[in-house]
Amino acid sequence: MTESKNPLLDLSDLIDYAAVKPEHVAEAVRFWRERLEAALARATAAETPATWEAVVEPLENAVLDFSRAWGAVGHLQSVVDTPALRDAYNAALPVVTDCFIRLSQDEALFAKYRAIEASPDFKSLSAVRQRIVKREIRDFVLSGAALPEAKRERVKAIGQALSQASQKFSENLLDATNAFELVVTDKAKLAGIPEETLALYEASAKAAGKEGWRITLQFPSYLPAMKYCNDRGIREALYRAFSTRAAEFDGGRFDNTPLMTEILKLRREEASLLGFPNFAALSLATKMAVSPEAVLEFLRDLAKRSKPKAEADVREVNEFARSELGLDKVEPWDRPYASEKLRESRFSYSDAEVKRYFTEPTVFAGLFKLVETLFGIEIVPAEASLWHPDVKFFEVRRDGQKIANFYADLYAREGKRSGAWMDGERTRTIRDGRLVTPVAYLVCNFAAPVNGKPATLTHDEVTTLFHEFGHTLHHLLTAQTEAGVSGINGVEWDAVETPSQFLENFAWDRDVVKSISCHVETGETLPDELFDKMLAAKNFLAGAACVRQVEFALFDMLLHTTFDPEKDVVRALLADVRREVAVVFPPDYDRFPQSFAHIFAGGYAAGYYSYKWSEVLSCDCFEAFEETGIRNPETGRRFLTEILERGSSRDAMENFVAFRGRKPRIDALLRLTGIVSDEKEA
Ligand code: ZN
C-alpha cells in the first residue's frame, strides 16, 4: 500500500487543500521545522559571513515556508474544525511556538544581525533591506534576546504559556457558542422574524435532526432574532446565553475567567522583564501611536466628543420604546429590537427589505468592478483545490498578467470560527530569481444560500465584505518583493485597518450601491428612494456605537496599563470604564470580557484602540476621493502607489502624508460617522 503524499510538504505552488488530512500536520511541522533549524544553523555558523545573502535571505525563505505550511493548518482549524484536526493542531502548537520563539531569541543570530548592521557593506544595502535588518534587531530586543540567560528563558516560557492560554480561550468561546441551541416548535413564538431567517432556522433544525426552528449563538442566527423577534422572552433567553458565554455559569465547563487573569499576569511579567512599565508600553513599541498616554488621551477626547450624541441616541430609543412599543424600561435584550423598530418607523425600511437587494453574485461583481477601475486590475474566477465545496477561488490580473490569487470562504457553518477576516496565505517575494505572487484567504460568515436562491447580504454584511476586501487588496496589490515589508507584513497594527476601513466608505456611495444590488426576486437594483432612506439612517445611533467602541478600547488600554491582575478585578475595571464613557449598562450577569477574544486570543491586546485610530486615517483618505470624484482612477492610482503598494517599506505616517499631502485630521471621521453635523452634504 502506498501512502498518499502529504500536501503540506509541497509548497512549490498552490496548496492541495482538498487533500490535507489531520495526520499530515505532525509530519509537515517536523519537516519544515527541520528545514528552518538547518537554515538557522547555517546562518549562524561562525564561518558564515555576516551578509544579507548568506544570513537573511536563506533564513527568510525557510521562515516563509514554515509559516505558510503552519498558516494553512491554522486556517483549516479555523474554518473546518474537527476533533482530529484540533488535536493535531494542539499537539503541534507548542513545537511551532517554541521554534519561532527560539528563532526570535537566538543569540548567535542576533549577533549576526548586529554584525550586518555594523559592517562597512551595510550602507550599500537597499534602504528597504537596511530597514528590515534594523527592525529585526529591534524585534530581537523586544523578544528578550538582549537579556541575561535566566530572564531570556523566562520570556520564552511566557511566550509558550501565552500562546496556549490564548488557544484555550478561543476554544472555550467556540465550544460555549456551539453548546447552546434554542429549538422553537411553535412558529407563532417567532412572529416578527423575516421569512429568510426562518428558513435558515428550519434548515438548522433539520441538519441537527430536530423538528421546528433552531436558533444558535452564531451571529447570523442570533442577531436577526434579537432584532425582529416580537417575543420578549425569547430575546431575553438568547441575550442571557450570548452575554454569559465562556463564563462561570452552566457549571463553568468553558469558563475563561481564570485564563484572563493568567494571561494578564503573564503579559505584565513579560513587559517588566523587557524593561517596560506595563504591557501597553511594550505593545506600542512597534505601533504608530507614541505612548499609552497618547492613546488614552485620544480615546477620552473621542468619548467626550461623541457622548452627547450617544446620550441623545439612547434617549430617542427609550422614548420611542415607551410611546410606541409599550416598554417602560428598555432592557438590553429590547435595545436591538426597539432600535430596529425605531429605524423602520423613522426611515420606513428594514434591514430585511434591504437585504433582498444585495444578492451575493451581484455584490461581488460590483465590488470587483470598483476596484478594477480604481486600481487598474482585473479579477477573474480560477481553479484550485479547496477545503470545502462552498469556497471560491480568484485570480487578480494586471495587463493580462497574473499578479495574485485569493480564496473566498463566505458562509457560516458549524466548525467555523465566527467573524470575518483576511489572512495572507503566501507573501509576494522573489525566490531563486523568480517572482512569487501573493495569495490571501478572505473569510466571512454570511448565511449560506437556501432553497436554491443566491445568498443575500445585509448592508452591514456588504460593508464587512468591503472591509475585508480592503485588507485583501493591501496584501495582494503590494509592489514589494522583500518579504519583511511585503503586503501587510510589518505594517503597524494601528495603521493596518486603514485600507479596510477606507474601502467600507464605498459601500455608501450611490453609484457603487447601484452596481452591487439586484433584488433576489425581481432583479431590480436598489431604488433611489430606498437608498435615500439608508443614507438618512447611515449614522443612526452612531454616537452610541462610537462610545461602545471607545468603551472596549479604553477597557483594553487600562487593563494593560494601570490594572494589577494580582489584586484588581477585571469586572470592576469594566464597570469603572462604563461609568466613565458608556451610555447603556448591561445586567450584572454580563460577562463580556470572557468573550473578548480580540484582546485575549487575538492580536489586539493594548491595541483595540487601533480601530478608531486608523479610522481617522481611513476617513481622511476617503475624503480625498470625495474631493476628486469617487471613482477617480488618478486618485485611486495614488492611493495604490503611496499606500497599498508600499507595505511597511515606509512608516505608515509617511505613506499617509505622501498620499494626502499633510498630517491626518480627525474632522473627516467625526463628519463621516455623524458625530458632528455634515456641512459638506447638500
Ligand atoms: Zn479589519
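**Entry 1, the zinc site.** I began with the geometry at the zinc ion, where the four donor atoms subtend angles of 52 to 140 degrees, so the arrangement is irregular. I kept to the rule that four donors are tetrahedral if all angles lie between 85 and 135 degrees, that four are square planar and six octahedral if opposite donors are over 155 degrees apart and all others between 65 and 115, and that anything else is irregular. The model is a predicted one, in which local features need pLDDT of at least 70 and side-chain atom pairs count only at pLDDT 80 or more, while totals for chains, interfaces and linings use all residues. Residues are numbered from 1 along each chain as its sequence is written, and side-chain values use heavy atoms, with hydrogens and water left out.

I then listed the protein donors, which are H467 (NE2), H471 (NE2), E497 (OE) and E497 (OE), at 2.0 to 2.8 Å from the zinc ion. Donors here are N, O and S atoms within 2.8 Å of the metal (3.2 Å for Na, K and Ca), and since water is not among the atoms, sites may look incomplete. Along the sequence I read the spacing of the donor residues as H-x3-H-x25-E. Both H467 and H471 belong to helix 16 (residues 459-476), four residues apart, or about one turn of the helix; helices (H or I, at least four residues) and strands (E, at least two) are DSSP runs numbered from the N terminus. I found H467 and H471 buried, meaning under 20% relative accessible area, with exposed over 50% and partly exposed in between (1.4 Å probe, protein chains only).

I next checked helix 8 against helix 13, whose axes come within 6 Å and cross at roughly 65 degrees; axes are lines fitted to C-alpha atoms, for helices over the stretch in contact, and angles run from 0 to 180 degrees between N-to-C directions. The two helices, helix 8 and helix 13, are therefore roughly perpendicular, under a scheme in which angles under 35 degrees are roughly parallel, over 145 roughly antiparallel, 65 to 115 roughly perpendicular and the rest oblique. In this contact (heavy atoms within 4.5 Å), M226, K227 and Y228 of helix 8 meet P336, Y337, E340 and E344 of helix 13.
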